[in-house]
Amino acid sequence: SCMKSSAFLRSLELAKLAAQVGIKELRSGNLKSRMEQASLIANSLSKLKGAAMKAGQLLSLDLDSYFPPEAIEILSQLQSEAAAHPYKEMLNILQQELGPELLLKVSKISHTPIGVASIGQVHTAIYKKNQIVLKIQYPHVSDSIDSDLKILKTLALSFCQITGRKMNLDLLFAEFKTILQQEVNYEQEAAYQKKYYQNIVKLNARGTFTYVVPEIIDELSTNKVLAMNFQSGVSLRAWINSNPPPEKKLAIASGVLDLYFHEFFEWGLVQTDPNWGNFLVQDSGDQLKLVLLDFGATRKYTKKFVNQYIELLHLAAQKKSEQLKLHAVEMGLIDKRESSQAFAALEEMLLTAIRPFFRENFDQEGFDFSDLNHASASQNAAKALAQELIYSPPPYMLIFLHRKLAGVYSILKALQIKLDISSYWQKMSDYVLIDQ
């Protein structure tokens, strides 16, 4: 099919590009050749779809301190909006996946999608008199994951060479591969969404806040089609822009933050894609609910890892530099060959990150999440660390977790509120004690 051959051609394009970059790399490392390389990469990566686009996005978001700015400039262009596929093509996929008989029971499939992403798009429909949502995967998306990642890795390594780093990127790219293969596996996503749904039911029963997770419709779901009940709601960004009263903003802020704590410290099951589009607000006037969408990038964390992570934060808070260093090396966060400046930068980054938890850093009302000084201090600390590292690749275990944290942080920032989160530090320590 034409999709298939275009995937192959694209891999060929990328392979040629990698070769060109490699040759240029060996000849010289000056800025002019770096810029030439950058534009070569830009032209080729702009043709990407699906898996490689997603991986490129991850690289640009998470590695902006590791690679030359020209390279990041290019990778970040991959975040442009994906274009919708024609309705007929989507209908064909539904027919292949569900079969004609079952498809007859589904009516009023929307001609235009209500959401478009890099690996699929979302349509509304009616099934058994209820409004439902169908997430349909584009054809051949999964075919090119391996070849695209291989080439992106070659590029990433050449960026590393330009900046004089000697990192092994195998684990990082293995993590990318895991998450991308998971994102094209809708059966896996359905399983995670159900598990998450059960966790939310229990959490809602505690009565502090109400979350909504759409229910999966099993008989209409396959590896390439995910069907669930439709949830109305206003996108989180639009809701914030509608200027809601401060007490509602506070409720949503606490809701988002609480959820993260339950996900990581209690369940070890985290939806790691904090894209704004994955939250809807249902605001009926007297009741506020948060709708949670898209479980493709859900990650599991072991109790052991959660405990190690908490220990890392505690050692930073207590300024136990020597123990922190040993612990970070043991966790695989940093290579033991790094300089003492690198270890100091790691400690500084952690201290900056945990600042909002301590009362000495804010007034009675709480930590001001719209404080731009703290935001830039966090960015600078991360950059300072990345600049010191020579042997340590970006810590693959933390990439998705920290992406989630950055998302939570940006939501709190957009809500422009003050929140006293000092109790969370104690809560976090309690979670560890529960399961020891």
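Two strands count as paired if DSSP finds at least two bridges between them. Helices (H or I, at least four residues) and strands (E, at least two) are DSSP runs, numbered from the N terminus.

The model is predicted, so local features need pLDDT of at least 70 and side-chain atom pairs count only at pLDDT 80 or more, while totals for chains, interfaces and linings use all residues. Residues are numbered from 1 along each chain as its sequence is written, and side-chain values use heavy atoms, with hydrogens and water left out. The secondary structure of the protein comprises 17 helices and 13 strands. Of the 436 residues in the protein, 51% are buried (buried means under 20% relative accessible area, exposed over 50%, partly exposed in between; 1.4 Å probe, protein chains only). Among contacts (heavy atoms within 4.5 Å) with a separation of 6 or more, 73% involve residues 24 or more positions apart.

**Close-up of strand 4 and strand 6.** The two strands run antiparallel and are joined by 5 bridges. Lys 135 has Leu 226 in strand 6 as its bridge partner. Strand 6 spans residues 225-229 and is mostly covered, with 4 of its 5 residues buried.

The pairing of strand 5 with strand 10 (residues 288-292) is parallel and covers 3 bridges. Thr 210 is placed opposite Lys 289 in strand 10. Axes are lines fitted to C-alpha atoms, for helices over the stretch in contact, and angles run from 0 to 180 degrees between N-to-C directions.

**Close-up of the packing of helix 13 against helix 14.** Helix 13 (residues 321-331) and helix 14 (residues 340-354) have axes 10 Å apart and pack at an angle of about 95 degrees. Helix 13 is therefore roughly perpendicular to helix 14 (angles of 65 to 115 degrees; under 35 is roughly parallel, over 145 roughly antiparallel and the rest oblique). On the helix 13 side, Ser 321, Leu 324, Lys 325, Ala 328 and Val 329 meet Phe 343, Leu 346, Glu 347 and Leu 350 in helix 14. The residues of this contact are 6 nonpolar, 1 polar and 2 charged (Ala, Val, Leu, Ile, Met, Phe, Trp, Tyr, Cys and Pro count as nonpolar, Asp, Glu, Lys and Arg as charged, and the others, Gly among them, as polar).

**Close-up of aromatic pairs.** The structure contains 20 aromatic pairs (rings of Phe, Tyr and Trp, the last by its six-membered ring, with centres within 6.5 Å; planes under 30 degrees apart count as stacked, over 60 as edge-to-face and the rest as tilted). Tyr 301 and Phe 305 form a stacked pair, because their ring centres are 5.6 Å apart and their planes are at 25 degrees. Tyr 301 is buried at a relative accessible area of 12%, and Phe 305 is buried at 8%. The pair of Phe 357 and Trp 425 is tilted, with 5.6 Å from centre to centre and 55 degrees between the planes. Phe 357 is in the loop between helix 14 and strand 12 (367-368) and Trp 425 in helix 17 (residues 422-435), so this pair ties together parts 68 residues apart in sequence. Both Phe 357 and Trp 425 are buried. One aromatic cluster includes Tyr 301, Phe 305, Phe 357 and Trp 425, along with Tyr 260, Phe 261, Phe 264, Phe 265, Tyr 309, Phe 358 and Tyr 424.

**Close-up of Arg 299.** Arg 299 is located in strand 11 (residues 298-300). The residue is buried, at 13% relative accessibility. Neighbours within four places in sequence set aside, Arg 299 contacts Glu 175, Thr 178, Ile 179, Gln 182, Gly 268, Leu 269, Val 270, Thr 272 and Phe 400.

Most residues other than glycine have a negative phi. His 140, not a glycine, has a positive phi of about 65 degrees. His 140 is in the loop between strand 4 (130-137) and helix 7 (145-162), and is partly exposed, with a relative accessible area of 28%. Lys 319, also not a glycine, has a positive phi of about 55 degrees. Lys 319 lies in the loop between helix 12 (303-317) and helix 13, and is exposed at 55% relative accessibility.
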